[in-house]
Amino acid sequence: MTTPDHQSPASQPSVPVVKDRIYRSPMALAGGVLLLAVVAWLGFDALIQGHGRAPWLALAGMILAVPLVIAFTIRPAVFAGEDRLRIRNPFRVISLPWGEIAALRSSYSNEVVVKAGGKYQLWALPVSLRARKKAETRKARAAADAARGGRPAGRGLGGLGALGGGGAAAPAGATRAEADQAMDDLRELLERRGEAEAAQGEVTVRWAYEVVAPAVAGAVLLAILLAVG
C-alpha cells in the first residue's frame, strides 16, 4: 500500500482571504452626490428647455463637470491590504508595497512617503482641523472625568453620582479625529507588514484615463462652442 507524498488540492486546507480595509470620506461622498444631483438638474433642464446653443453648452458642461465631481468627491479611496497600500486619488492610482513605504505623515494633509524619496497625498483622508479640535475637547473631558473617578462633570448630588463605582473609560477612538484614527491604523499595518516578504515589490502609478479622457473631451467641446460663439 502506497502513501501519497502530497495532498490533493481538494484536501488542502483553504487559506482565508483577508479583505482590504477601505477608507473613504463620508462628507466627500455626500457632497459629491449632492453636486451630481445639481449638475444633472441644471444640465437636463438646459437640454430640454434651452434654445440655440444653450443645449450644446449644457451638454459640454456636463461632460466636463461630471467626471471632475466624481474624481474629487466619490472616487478617492484608500485600500489597505496585507501586502500593499493602494491609493485611488482623483487622477491616479498608486500601488505601494508596505516594504517600500518609509513613513505615513500627517500635518495639514495626510501623505505617504516612499523610500525612493517621493510622496503621495491621501485624498480620501483629508485633514480636518475642526475634527481634531473636537477630538482634543473629547480627550480633555475624558481626562477630567477620569480625574473625578469616572463621574462626568455636572452629574450627581453630593457624591451620589459616584455610587456603584467609577464609569467606564472613553474608547480610544472617541478621542481621535476620524482621519487621524485611520492613519494610526495604517501605521500599525506598516509596522506589522513592512518587513514581510510578500509585502515587497515596486511602486506602480497608473493614470485614471477613465476620468481624464471625458473631462478633456468636455473641455475641448466647451472651448470650441465658446470660440465659435
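The questions and answers below cover a predicted model.

Local features need pLDDT of at least 70 and side-chain atom pairs count only at pLDDT 80 or more, while totals for chains, interfaces and linings use all residues. Residues are numbered from 1 along each chain as its sequence is written, and side-chain values use heavy atoms, with hydrogens and water left out.

Reader: Which strands stand at the edges of the open sheet of 3 strands?
Author: The sheet has the order β5-β6-β7 with antiparallel pairing; two strands pair if DSSP finds at least two bridges between them. Each edge strand has a single partner, so one of its sides is left without a neighbour in the sheet. The edge strands are β5 and β7 (119-121).

Reader: What angle does the direction of α4 make with that of β5?
Author: Axes are lines fitted to C-alpha atoms, for helices over the stretch in contact, and angles run from 0 to 180 degrees between N-to-C directions. Contact means heavy atoms within 4.5 Å. Helix α4 packs on the sheet and touches β5 and β6. Its direction and that of β5 make about 165 degrees.

Reader: Which residue of β6 is the bridge partner of Leu-104?
Author: Strands β5 and β6 run antiparallel and are joined by 5 bridges. The partner also has contacts beyond four places in sequence, among them Leu-85, Ile-87 and Leu-122. The bridge partner is Val-112.

Reader: Is Ile-94 buried or exposed?
Author: Ile-94 lies in strand β4. Beyond four places in sequence, its contacts include Tyr-120, Val-203 and Val-205. Because its relative accessibility is 0%, Ile-94 counts as buried.

Reader: What distance separates the C-alpha atoms of Tyr-209 and Arg-92?
Author: Tyr-209 is in helix α5 (residues 209-228) and is exposed, with a relative accessible area of 57%. Along the chain, Tyr-209 and Arg-92 are 117 residues apart. Their C-alpha atoms are separated by 8.6 Å.

Technical notes: Helices (H or I, at least four residues) and strands (E, at least two) are DSSP runs, numbered from the N terminus. Buried means under 20% relative accessible area, exposed over 50%, partly exposed in between (1.4 Å probe, protein chains only).
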